[in-house]
Amino acid sequence: MRQGGPVSESTDARSAHAIDYVQVQESPPFRRLRKDHRSFVFPLAALFLVWYFVYVLLAAFAPAFMAQRVWGDITVGLLFGLGQFVTTFAITMGYVAFANRRLDPQSASIRETLEKSEAGA
């Protein structure tokens, strides 16, 4: 049983200007957008994971190092742990700046092209 009601004339008219999303995905502008996104996200994700695992491994296998006092009751382990939060915020702010500068203009151009083609222009 079909949900959503019967197919109307307006639905058929809209499908005449339907967007071929597979073609869009294979287009050079979309590939460039995806490449730029991945070139930022994958290296930073890898670096963050390495940084995180170094922290965990040091906590597990070098407790004496992590327990060294730096200043008062502040230890190396505490600084590394707080560094995880700082790194997370820094990566987020860096990604937002990168997206605003490089990704958003590209995606806006792609969206504009799709809206024009959908309107039948």
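These legends walk through several views of one predicted protein model.

**About the model.** In this predicted model, local features need pLDDT of at least 70 and side-chain atom pairs count only at pLDDT 80 or more, while totals for chains, interfaces and linings use all residues. Residues are numbered from 1 along each chain as its sequence is written, and side-chain values use heavy atoms, with hydrogens and water left out.

View 1. Let's begin with the overall layout. The protein has five helices and two strands, and from the N terminus on its elements run α-α-α-α-β-β-α. Helices (H or I, at least four residues) and strands (E, at least two) are DSSP runs, numbered from the N terminus. Of the 121 residues, 15% are buried; buried means under 20% relative accessible area, exposed means over 50%, and partly exposed lies in between (1.4 Å probe, protein chains only). The protein exposes about 9,400 Å², with carbon and sulfur atoms supplying 66% of that area, as computed by the Shrake-Rupley method with a 1.4 Å probe.

**View 2. The largest nonpolar core.** Nine residues form this core: I19, V24, L33, F40, F98, A99, L103, I110 and L114. A nonpolar core is a set of buried Ala, Val, Leu, Ile, Met, Phe, Trp, Tyr and Cys residues joined through side-chain atoms within 4.5 Å. The elements that give two or more residues to the core are α3 (28–61) and α5, and α5 gives the most, with five residues. In soluble globular proteins, nonpolar side chains tend to be buried together.

**View 3. The surroundings of F98.** Which residues does F98 touch, not counting residues up to four places away in sequence? They are D36, F40 and L103. A contact here means heavy atoms within 4.5 Å.

**View 4. The largest pocket.** About 160 Å³ of space lies in this pocket. Its lining consists of D20, Q23, V24, S27, P29, S109, I110, T113 and L114. Helices α2 (21–25) and α5 (76–119) are the elements that give two or more residues to the lining, and α5 gives the most, with four residues. A pocket is an open set of points on a 1 Å grid over the protein atoms alone where a 1.4 Å probe fits, with protein on both sides within 12 Å along at least five of seven lines; lining residues have an atom within 4 Å of a point.

View 5. V56 has its place in helix α3 and is partly exposed, with a relative accessible area of 33%. Its C-alpha atom is separated by 9.7 Å from that of G77, 21 residues apart along the chain. R102 lies in helix α5 and counts as partly exposed at 36% relative accessibility. R102 and L33 are 69 residues apart in sequence, yet 8.6 Å apart in space, C-alpha to C-alpha.

Key. Grid points are joined across faces, edges and corners, and a volume is the space filled by probe spheres set on the points.
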